[in-house]
Amino acid sequence: MSGKKRIQPDNLLQSQKFGFTQVVTSPPGKLVFVSGQVGMDKDGKLVSSDFAAQAGQAYENLVIALEAAGASPKDVTMLRVYIVDYKPECAMKLGPVFAKHFPEDAFPAQTMVGVAALVMPGLLIEIEAIAVVE
C-alpha cells in the first residue's frame, strides 16, 4: 500500500475532473527527478508537428525514464507541463493522453505553463516529473 496521500481540500477547486490532485504528500523514499521529456524519439527525431502526437511521445518517454529509475506513473507526485502558445484546447487534447498513463487514483499534483518556445524549434510540449519510490 502506498504511503502517498492525495488531498483534495473542500475549499479548493475539485480538480480530479481536470486530471490532477491539489496536494500530494509522501513519506520518505527514493526521490526521482525526471528532466523534461518532449515529442522526440530515441534518435532525436521529432515525431510529428501535431500537439497530441508530441504529447503522446512525451508521456511515453516519461514512462521510460521513470521505469529506468525503478519508478512508475503511480510514483509521480508532481508534474510540470510546458506548452508552447498555450490555449485552453491544449488541456482538452492532453486529457486522453494523460489518462492513458496515469490511473485516476494516482493523479499527481500538476502545473501547466504556457511558454513562448522550448529548446528546439518545432517542439510543442515538455513534461518534467518528480516521483517518490517507497
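**Close-up 1. Two elements, α2 and β5, each put at least two residues into the lining of the largest pocket.** This is a predicted model, and the pocket shown here holds about 350 Å³ of space. Its lining counts 15 residues, and those closest to the centre are K17, F18, G19, A91 and G95. Helix α2 gives the largest share of that lining, with six residues. Sorted by class, the lining comes out as 10 nonpolar residues, four polar ones and one charged one.

**Close-up 2. Helix α2 has a kink at G95.** The helix covers residues 88-101, 14 residues in total. From first C-alpha to last, α2 reaches 21 Å, close to the 20 Å expected at 1.5 Å a residue.

**Close-up 3. The buried residues of α2 are C90, L94, V97, F98 and H101.** What do these buried residues pack against? Their partners are helix α1 (51-68) plus the strands β4 (76-84), β5 (109-115) and β6 (125-133). F98 turns up again in the next view, as one of the residues that P108 touches.

**Close-up 4. P108 sits in the loop between α2 and β5.** Is this proline buried or exposed? With a relative accessible area of 0%, P108 counts as buried, because the cut-off for that is under 20%. Leaving out residues up to four places away in sequence, P108 touches F20, T21 and V24, then V76, T77, M78 and L79, and finally F98 and F102. V119 is another story: it comes 11 residues away from P108 along the chain, and the two C-alpha atoms are separated by 25 Å.

**Close-up 5. Helix α1 is built from 18 residues.** End to end, from its first C-alpha to its last, α1 reaches 26 Å, close to the 26 Å expected at 1.5 Å a residue. Its buried residues are F51, Q54, A55, G56, A58, Y59, N61, L62, V63 and L66. What covers them? The cover includes the strands β3 (30-38), β4, β5 and β6, along with helix α2. Seen from the other helix, α1 is likewise among the elements that the buried residues of α2 pack against.

Technical notes
Residues numbered from 1 in each chain as written. Predicted model: local features only at pLDDT ≥ 70, side-chain atom pairs only at ≥ 80, totals over all residues. Heavy atoms only, no water. Helix = DSSP H or I, 4+ residues; strand = E, 2+ residues; numbered from the N terminus. Expected span 1.5 Å × (residues − 1). Bend = angle between axes of the 7 residues up to and from the residue. Buried < 20%, exposed > 50% of the residue type's maximum accessible area, 1.4 Å probe, protein only. Contact = heavy atoms within 4.5 Å. 1 Å grid on protein atoms, 1.4 Å probe; cavity = no way out; pocket = protein on both sides within 12 Å on 5 of 7 lines; lining within 4 Å. Points joined across faces, edges and corners; volume = space filled by probe spheres on them. Nonpolar A, V, L, I, M, F, W, Y, C, P; charged D, E, K, R; others polar.
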